[in-house]
Amino acid sequence: MADTVLYEVSDGLATITLNRPEAMNALNIATKVALREAVSSAAGDDAVRAVLLTAAGDRAFCVGQDLKEHIGLLTQDRETGSGQTMSTVKEHYNPIVRAIAGMPKPVVAGVNGVAAGAGFGFALAADYRVVADTAAFNTSFAGVALTADSGISWTLPRVVGPGRAADLLLFPRSIKAQEAYDLGVANRLVPAAELRAEAEKVARALAEGPTVAYGAIKEAVAYGLSHSLSETLDKEDELQTRAGSSEDHAIAVQAFVNKEKPKYLGR
């Protein structure tokens, strides 16, 4: 895994750090490949019970595609007629977002600075966003004559509503931290100096929680967004049966009866 992305697992928490602060954590090919590997590793590792996705530096979480590299690739496409440049959506962005949104464990985004384009999309794919008061969000795509990717055409309307999403996509602008909180993009707003500690605190609390239940909650919410009430009720029945059969449920019930704090096993 390239050093443009750092990956560490400790006590059930996988911390994934975008590590190109000098480039505002822009996504060149090496970074996209490394990030795809990192989120896939976290998703498939049973020892990982929660994920913290964050970034190095204090200027940016991720400003999206590395346009300097992108220009060179576009030039190569014109010269060779290969048309390979935009395959990055299929090869990189889509697998990254599917892994973040689809893994049966909670993902926290610690947004330390600007999150633009795919960086915004990755943050929205997470289940919970802890945001520094100096951070900002920008869809960016239309500003460089592109359409939405990184799942943002699905996630953004569900967070802010379709009308507001259309406005933010058609007329990209900087969404400051307080407005992001008011819109529901940020779940928790903290002073910039406290961002890393608070994001890690939230993620560690989730890593110590009932992992099977958290995975079921993620699946239920995603399912309910695109299915009827009747279908969703059936899905809730299925998922509640799964959660109710977990060791953590038995631990929680016994702890409640004993008036103790449960110590979950994540299974």
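# Why is it called that? A tutorial on one predicted model

Tutor: Welcome! Leu67, Met86, Val144 and Leu146 form a nonpolar patch on the surface, and together they have about 320 Å² of accessible area. This is a predicted model, in which local features need pLDDT of at least 70, side-chain atom pairs count only at pLDDT 80 or more, and totals for chains, interfaces and linings use all residues. Residues are numbered from 1 along each chain as its sequence is written, and side-chain values use heavy atoms, with hydrogens and water left out.

Student: What makes a set of residues a patch?

Tutor: Patch members have over 30% relative accessible area and no salt bridge; like charges are joined within 9 Å, and nonpolar side chains (Val, Leu, Ile, Met, Phe, Trp, Tyr) within 5 Å. The areas come from the Shrake-Rupley method with a 1.4 Å probe, and for residues only the protein chains shown count as cover.

Student: Why does Asp11 count as exposed?

Tutor: Asp11 has 68% relative accessibility, so the residue counts as exposed. Asp11 sits in the loop between β1 (5-10) and β2 (13-18). The phi of Asp11 is near 50 degrees, a positive value in a residue other than glycine.

Student: What is the phi of Met24 near?

Tutor: It is near 55 degrees for Met24, again a positive value in a residue other than glycine. Met24 lies in the loop between β2 and α1 (29-44). With 22% relative accessibility, Met24 counts as partly exposed.

Student: Let's turn to the rings. How many aromatic pairs does a search of the whole structure find?

Tutor: The search finds 2 aromatic pairs. Rings of Phe, Tyr and Trp (its six-membered ring) pair if their centres lie within 6.5 Å; planes under 30 degrees apart count as stacked, over 60 as edge-to-face, and the rest as tilted.

Student: Why is the pair of Tyr93 and Phe122 called edge-to-face?

Tutor: The ring centres of Tyr93 and Phe122 are 5.9 Å apart and their planes are at 70 degrees, so the pair is edge-to-face. This pair links distant parts of the chain, with Tyr93 in helix α3 (residues 88-102) and Phe122 in helix α4 (residues 118-125), 29 residues apart. Both Tyr93 and Phe122 are buried.

Student: What makes the pair of Phe120 and Phe137 tilted?

Tutor: For Phe120 and Phe137, the distance is 5.1 Å centre to centre, with 45 degrees between the planes, and the pair is tilted. Phe120 lies in helix α4 and Phe137 in strand β8 (residues 136-138), so the pair ties together parts that are 17 residues apart in sequence.

Student: How do you know that Phe137 is buried?

Tutor: Phe137 has a relative accessible area of 1%, so buried is the word. Phe120 also counts as buried, at 1% relative accessibility.

Student: Which residues touch the most other members of the largest nonpolar core?

Tutor: Of the 61 residues in that core, they are Ile16, Leu35, Ile100, Val111, Phe122 and Phe137. A nonpolar core is a set of buried Ala, Val, Leu, Ile, Met, Phe, Trp, Tyr and Cys residues joined through side-chain atoms within 4.5 Å.

Student: Now the charged side chains. What makes Glu198 and Arg188 a salt bridge?

Tutor: A salt bridge is a side-chain nitrogen of Lys or Arg within 4 Å of a carboxyl oxygen of Asp or Glu. The closest N and O atoms of Glu198 and Arg188 are 2.7 Å apart, and the two form a salt bridge. Glu198 lies in helix α8 (residues 195-207) and Arg188 in strand β10 (residues 188-190), so the pair ties together parts that are 10 residues apart in sequence.

Student: Is Glu198 buried or exposed?

Tutor: Glu198 is buried, with a relative accessible area of 17%. Arg188 is partly exposed, at 31%.

Definitions and conventions:
Helix = DSSP H or I, 4+ residues; strand = E, 2+ residues; numbered from the N terminus. Buried < 20%, exposed > 50% of the residue type's maximum accessible area, 1.4 Å probe, protein only.
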